[in-house]
Amino acid sequence: MARLIKTEKEVEGRYEETWVVVEEDVLAQWPAGPLEIVGHDAPKKDGLERARGLATYTADVRLNGMLHAAVLRSPYARARVKGLDLEPARSAPGVHAVVGPGDVHVLTDEPSYPGQPVAAVAADTSWQAREALKLIEVEWEELEPLLDPEEAVAREELVEEPRRYERGDLERGLAEADVVVEAEYRTATVLHNSMETHQSICRWLDDDKLEVWISTQYIWGVRDALARQLGLNPDDVRVVCEFMGGGFGSKNGPGDYTYIGAKLAKRSGRPVKCALTRREENTATGNRNATIQRLVAGAKADGTLTALGGEFVNAVGWAGFSPMTGGPMQYLYACDNVRIAEHGAKLNSPPNAAFRAPGFVEGTFGLECLLDELAAQLDVDPLELRRINHLDTDPESRAYSSKNLMECYRLAEPHWERRHEVRARSEGPWKRGVGLASQIWFGGGGPPSYAWVRISKDGRVTVITAMQDIGTGTRTAMAQIAAEELGVPLDRVEVTLGDSARGPYASISAGSSTTPSMGPAVRSAAGDAARQILELAAQRFDKEQRVLSLKGGNIVSQDGGSWPLGQICELLGDGQILGKGARGPNPTGMRVLTFGVQVAEVAVDVETGEVRVERVAAIHDVGRIINPLGARSQVEGGIVQAIGHTLCEERLIDPHTGKVLTPTLDSYRMPTIADVPEIVSEFVDLPDLHLTNLGSKGLGEPPIIPTAAAIANAIRDATGADVRSVPVTREEMLRALREAREREREGVVGAPAA
Amino acid sequence: MPELVVNGQRHETSAPVGATLLEVLRGELGLTGTKIACGEGHCGACTVMLDGAPTLSCITLVHTVGAREVTTIEGLRDHPLVHSFVRADALQCGFCTPGQIVSAAALVQAIPEPTSEDIRHHMAGNICRCGAYPRIEEAVLTWRD
């Protein structure tokens with residue numbers, strides 16, 4: 001039965017309390033541990049399609065009569081368009097439509113960041129569209145940009161009100177401390193760089209009926225945003241995304257390119273594809289913003305934390321949001337006195353966008369490095385320091401739905417123990433060391449989300465839901481859940497997704513919410529179908545329904561009878577069994593979080609400043625694991641991205657003009673296969689007994705969170721140097737080494753730098 | 001009109017001088033397995049083979065291909081690497097995967113039993129933003145299993 005309840009919804013660390021219609025979650029959880037199909041390795045259901053190049057991504061969709069758009073973007077960080085002549089573009093070969101400021105709300109004559117769209121063209125070919133753009137004459141008045149985040153904060157140029165959090169009294173905590181450490185940490189702006197650039201195709205079926213193919217993480221969000229902006233009925237906007245080539249948080253909405261494409265499509269009466277180039281992608285589709293973190297920690301001599309304080313500056317850009325960089329400080333440790341302030345600087349730089357655990361990646365780097373600097377001062381083992389300050393109940397006195405962080409620490413011990421042997425392998429200029437860092441994040445998902453299950457006479461099962469698989473293996477995990485519940489082999493189950501007109505509402509694929517939001521809905525739909533099969537079986541075999549169950553492709557009776565499922569299905573003829581299911585509510589008043597710890601091993605060349613990551617062990621607690629193979633892939637991918645953030649990735653802008661200097665993949669350097677260390681992943685794999693019929697949390701984001709700090713802490717272990725900014729370029733590594741040598745000369749080992 | 005041999009099939013192309021091989025493969029021939037991700041030769045998503053040598057089709061002018069035989073992912077449909085990639089979970093979003101498999105196919109053709117070092121050297125030009133690298137290495141190491 002559907003009920004109207006008030007529940008908390010969390011996406012990317014933001015809680016909202018809303019009324020939602022939820023359905024009862026009647027199924028009891030499965031027992032812990034591997035089952036028949038859930039909990040076992042499963043290669044991707046759509047693996048062959050993707051590997052053979054048959055999967056149709058938005059980039060591969062070609063509609064009859066389709067035009068291609070090109071967008072004129074501001075070359076300046078801040079400028080005024082004093083004159084704009086679109087006429088030459090209108091008469092250029094192949095051009096069907098041209099739009100400028102005033103035609104679409106995202107086009108402007110006062111661009112405020114480099115890459116902000118000003119005008120756009122649709123032509124028969126993308127080459128013609130780009131050529132036509134060159135004919136547009138623009139008279140620019142270049143204006144002084146604001147690029148320094150500290151200056152923006154001082155001038156109170158902010159994207160939103162500062163977020164402040166306080167418990168206890170920070171000054172009192174510092175006064176009670178035996179040791180206080182203070183340090184400033186910085187993280188650079190980094191770019192998502194999904195392999196498939198942002199793009200969409202818009203086709204109008206009528207003046208008020210729109211179809212959109214788009215590379216997105218949230219087809220329903222795109223649908224609703226377009227409907228709202230364009231004044232359409234949401235059901236008159238169909239959004240399709242069958243396969244997509246990566247998002248990492250940057251593809252949660254329609255984006256300016258879709259609004260531009262929709263207008264050009266309307267003007268031209270033709271479908272219009274607006275696909276960004278890599279250079280546009282790396283300028284204007286979002287980023288993980290840079291941060292400056294001024295942190296302080298105080299502790300008693302026994303390691304008990306007495307104070308944690310942080311002033312955080314998020315260099316957000318012209319628009320976007322100020323992420324919870326102080327989140328780890330707020331949630332991770334038992335400490336009575338905590339004070340946090342986060343400022344989101346509004347700058348003439350490209351807007352940020354959510355990027356895999358926004359805020360927590362950056363904030364964990366600062367906090368977990370600070371903890372190790374504290375551990376060095378206290379002469380307490382870093383792992384022990386984290387155990388001493390383990391938080392048993394949430395600071396707001398809410399119970400955790402489940403928390404196995406202590407178990408993660410226990411599983412980390414053998415990896416942590418390796419440090420003596422690793423250090424001993426230092427030779428010549430190459431110093432080796434081991435570091436660790438803890439992880440905390442959300443990832444509980446929430447309602448609403450729905451799924452349907454269809455079973456035909458041949459016994460094949462189709463799961464239908466209008467979700468998207470962004471590459472995380474969602475199709476496979478959902479198929480495993482349905483197969484488990486129905487007691488059929490995995491190859492009998494297919495999952496149909498990716499079309500808002502052809503399936504029920506499904507959750508966003510962001511915020512590590514896909515599995516915890518969708519999984520329970522799919523299980524519930526499969527359970528509904530299973531119940532119907534057993535109803536029929538009870539009649540057919542003259543049994544009481546309560547003694548029957550589905551197992552191994554059979555209908556099994558407690559009294560020993562067993563019949564192939566096909567014996568019921570073949571009775572269906574053209575009839576079908578249709579199950580429906582919904583995601584139930586989250587546990588009321590409980591904090592649903594994910595936890596983990598990573599242990600990194602590094603080698604540092606103290607002469608050149610080169611850093612190599614040699615091994616990372618990751619232990620995460622995300623509830624029940626559906627597909628261990630896919631889970632390991634998620635962990636490895638998160639760690640590889642984190643290594644990029646930590647050692648080589650940095651979006652550079654000219655500090656005077658604001659121009660993005662790293663728009664290409666040779667200037668913006670991402671890890672390659674040659675940069676990957678040995679990665680060991682382990683999971684606690686205990687269902688969260690309070691969370692849904694599945695007990696699973698999300699895993700997309702947790703693995704990218706602690707890696708940077710674990711690497712930085714390993715660098716300290718190897719060299720005694722405190723790196724305080726990422727990426728750890730050779731300059732930063734050599735600076736930290738110099739500072740450590742000076743400190744040693746002055747005989748104040750381990751003292752914080754001024 | 002210049003001729004092109006793609007996956008053993010002869011095609012005439014009407015592409016203008018200056019068109020890239022990638023544009024012709026995707027646009028004219030509809031072979032969309034070859035992907036465009038950067039369009040300037042930095043990422044490897046557009047990798048095809050020319051007479052067995054891995055080549056970036058986004059920066060190869062179609063009129064320079066000549067008689068060399070083009071092999072795209074569509075021509076490697078049943079290559080054991082396709083299956084080893086799936087088995088090893090060597091793909092996430094899959095957008096770079098055709099290029100990865102073409103590069104790997106060229107590698108195993110030249111070195112049938114590549115070591116990890118061979119793989120890390122020969123495949124470093126194929127970027128995978130999802131970070132499936134450990135599994136890609138495993139897929140290539142176990143391609144004949």
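Domain bounds here come from an automatic or database domain assignment. The model itself is predicted. On that basis, chain A divides into three parts: domain 1 (2-56 + 445-582), domain 2 (61-144 + 195-246 + 251-284) and domain 3 (290-444 + 589-746). Each of these domains is written with more than one segment.

Take domains 1 and 2 of chain A next. Their centres, taken over C-alpha atoms, are separated by 38 Å. The two domains touch: 15 residues of domain 1 of chain A are in contact with 17 residues of domain 2 of chain A. On the domain 1 side of this contact, eight residues are nonpolar, six are polar and one is charged.

Helix 15 of chain A covers residues 514-541. Its 28 residues reach 39 Å from the first C-alpha to the last. That is close to the 40 Å expected at 1.5 Å a residue. Just after helix 15 of chain A comes A:D542, with a positive phi of about 55 degrees.

Now turn to the contact between chains. Here 41 residues of chain A are in contact with 43 residues of chain B. Two residues count as in contact if their C-beta atoms, placed from the backbone, lie within 7 Å. Helix 1 (47-51) and helix 17 (628-647) of chain A each supply at least two residues of the side that touches chain B. Helix 17 of chain A gives the largest share of that side, seven residues. By class, the side of chain A that touches chain B holds 18 nonpolar, 15 polar and eight charged residues.

How values were computed:
Residues are numbered from 1 along each chain as its sequence is written. Chains are lettered from A and ligands numbered from 1 in the order in which they are written. This is a predicted model: local features need pLDDT of at least 70, side-chain atom pairs count only at pLDDT 80 or more; totals for chains, interfaces and linings use all residues. Helices (H or I, at least four residues) and strands (E, at least two) are DSSP runs, numbered from the N terminus. Ala, Val, Leu, Ile, Met, Phe, Trp, Tyr, Cys and Pro count as nonpolar, Asp, Glu, Lys and Arg as charged, and the others, Gly among them, as polar. The expected span of a helix is 1.5 Å times one less than its number of residues.
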